Every structure is written in structure tokens, then in C-alpha cells.
Amino acid sequence: MIHGSSVPVESASWQNLLASSITDPRVLLTRLQLDSSLLEGALAADREFALRVPEPYLQRMQPGDPNDPLLRQVLPLGEELNEQPGYVADPLGEQQSNTRPGIIHKYHGRLLLVVTAGCAINCRYCFRRHFPYADNNLSTAEWEQALDYIRQDSSINEVIYSGGDPLAANDRRLAWLTRQIADIPHIKRLRVHTRLPVVIPQRVTDELIDALCGTRLPVTMVLHCNHANEVDAQMLGAIARLRRANITLLNQAVLLRGVNDRLEAQIALSEALGDNGVLPYYLHLLDHVRGASHFHCSDSEGQQLIGQLLTRLPGYLVPRLVKEVAGELGKVPIHVDLVNP
Ligand code: SF4
């Protein structure tokens, strides 16, 4: 059942699932039969960055386990409030690239559109947890200005829908935007960065596929899945629908202490995705955003992990280890040597 409703998850619409997400730490702890000693810290951290967990994601967690790898990604902890040197509000310096509402133009040839402010889930490690979304909630006139910016810069050949989670926007908005972008001759590709097919797989509807795929633009979707326990039957159904629509599917994950920092966890994730047509693309080192330091793994831990992974899996199932550095021309690849596990 959806939280606070009598509708079973299987037959709920994605809009209902999105609207009925758990946002109260008390409810989360009760539903997962977790110790009430976690509550004080959860309430304090929730005031800084709100809890949000959709029901289909909650159902993949193990009740009674405070170390469940999915729970760790969403549970607000008191330690998020401890200031750590080097952990800042805008670790990627995005506010300098966000000079116009709705646009982040950091890299040559491609540009991010902040399609929505909202996400279906609030990941505690999110590098945009302090992003000024209120300044990027576009009016129709501002959308036209954002599109004009793209029209006037013929060096841009790829538009990336980002957010928030761009698939939290409704299909009418996505269809309109995609048609506008496809009408710009120098745009060759559309990319969508989203976690919604993972956390609410019901979001992948025929209407969504029509909205994204109804133009000349080839579509690549970069999912964000961090752990094999996130890959359930519903998510696989969503992936199958996306593949039937000829959408290229990639995955990016973040290396997170206590979530996926073990070799076996990385193998299970790459195999669960690769076996179902999603290629691992990036493993990101954590961005040093304020409130997320407890997830930190060092560069050498990442190198060790990927070095071991290269000896256990075919190369196409091994993600590239990267980090983002403010002011760089692209994601910075981290050199990796083979490591005997
Ligand atoms: S879904 Fe993506 S943008 Fe939203 S909170 Fe998680 S990491 Fe951040």
C-alpha cells in the first residue's frame, strides 16, 4: 500500500507515488522498525535537507537494518550537521555556470537544462542539496529565453535534461521542450539524467516514451543506481520498456561509504545492470558537499576497487572512475592499475 492511502503500489500512478512519498522521519523509522534513538538526529538533519523516500524504493529496504545500503542513502543523520573542512555548499562551483535561470553551461558542446526543481528521492550525498532551485523555477518567458540561448550558440550539439530529476516534470512539459529542442538544427543528441526509473519505475509510461522519443533526436538515458538491491522486478520492467524504445541506457553511480564500497557490491551492481542492457558508465568519487562527509571514500580506495573490478569483469562492465573538479573542462578521469583482489 502507498503510505497514507489504500491504493496498492503495483496499481498506483507515478504521480500518486511521487506525491505520497515519505517525508516524516518518524514514519520512516516506524515503517522500517528502526530504533527511536535515530530520531533526534534525523529530525535535525531533515530541517537542513528534507527527507524524501518514495514507497517503491522503501519496499526494497530490509526492515530492522539501520545499515541497509538503500536506507543509508536517504536517512538523515545528526552527523550531517558537523562542519567538515573542505565540505561546502557548492562543491562544483555550479553557481558560476548557472548565470541564466534553468541553464548550467559548464562544458564545451553540451549544456544542462534544469527541467525541474524537485526529485522523487532526496539522496543525502547529493551535490545539489544546497542548489538554489527557487531561482531556477522557470516561467514560460524564461523557458523561451533559455531556448534562445541554445538557438544562438551553434557550438552546443547536445542538451542534457537535469534537475532535480527531469522526469518529475509532466509529460506535456517534456514533450513540448523536446520538440522545441529538436527544432534547433545544431542539436544532435538528447540526454536525460534521471533516478526516477530506479526509485519509481512506474514513471516509465508510454506517454513518457512518446514525449522523449517523438522527434529526430537520438535519446540516451543515464540512470543513477548505486546498489544491486535497487534493481528489482519493477525496475527491470521499466528498463525493458526503455530498451524497446531504442533509448541507449547507461548508469552512473557514486562511491559511498557503507553503501557500495566493497568489491562484491560493485560486481553485483555491474552484473545486475549489464545483464539487463544498462552499461556502467561512471563511478563518481563523492563531491565534497556540506553534510555528506560520512560517505567519503578516498581516491586510492576508489582506485583499488576499480583495479580489482577490472580483473573480475569484462571491461565493458567496469565503470570509469571519475571526479568532478570545479573549473575543469570535463569530468576528471582517475588513473587505475590492475589490482589482484
Ligand atoms: S535524485 Fe539526483 S538530483 Fe535528486 S537528490 Fe538524488 S542525486 Fe540529487
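**Entry 1: polar pairs**
I began at the place where domain 1 meets domain 2 and looked up the polar contacts: 17 residue pairs cross that interface, both partners at pLDDT 80 or more. A reminder to myself that I am reading a predicted model.

**Entry 2: which helices take part**
Next I asked which helices of domain 1 face domain 2. Helix H1 (14-19), helix H3 (39-48), helix H4 (55-58) and helix H5 (69-74) each bring at least two residues to the touching side. I noted H5 as the largest contributor, with 5 residues. Sorting that side of domain 1 by residue type, I got 18 nonpolar, 3 polar and 8 charged.

**Entry 3: salt bridges**
How many salt bridges span the two domains? I found 3 across the interface. I also looked up the pair Glu80 and Arg124, whose side chains form a salt bridge at 2.9 Å, N to O.

**Entry 4: bounds and spacing**
I then went back to the domain assignment, which places domain 1 at 9-81 and domain 2 at 94-333 of the protein chain. Their centres, taken over C-alpha atoms, lie 22 Å apart. I counted who joins the contact: 29 residues come from domain 1 and 33 residues from domain 2.

**Entry 5: buried area**
Last, I checked the area. The two domains bury about 2600 Å² between them, and 57% of that is on carbon and sulfur atoms. Which residues of domain 1 lose the most area to domain 2? I wrote down Trp14, Phe49 and Gln73, which together make up 31% of what the domain 1 side buries.

Terms used:
Residues are numbered from 1 along each chain as its sequence is written. This is a predicted model: local features need pLDDT of at least 70, side-chain atom pairs count only at pLDDT 80 or more; totals for chains, interfaces and linings use all residues. Side-chain values use heavy atoms; hydrogens and water are left out. Domain bounds come from an automatic or database domain assignment. Contact means heavy atoms within 4.5 Å. Buried area is the accessible area (1.4 Å probe) that two parts lose on being put together, summed over both. A salt bridge is a side-chain nitrogen of Lys or Arg within 4 Å of a carboxyl oxygen of Asp or Glu. A polar contact is a pair of N or O atoms within 3.5 Å; within protein, one must be able to donate a hydrogen and the other to accept it, and residues adjacent in sequence count only if both atoms are side-chain atoms. Helices (H or I, at least four residues) and strands (E, at least two) are DSSP runs, numbered from the N terminus. Ala, Val, Leu, Ile, Met, Phe, Trp, Tyr, Cys and Pro count as nonpolar, Asp, Glu, Lys and Arg as charged, and the others, Gly among them, as polar.
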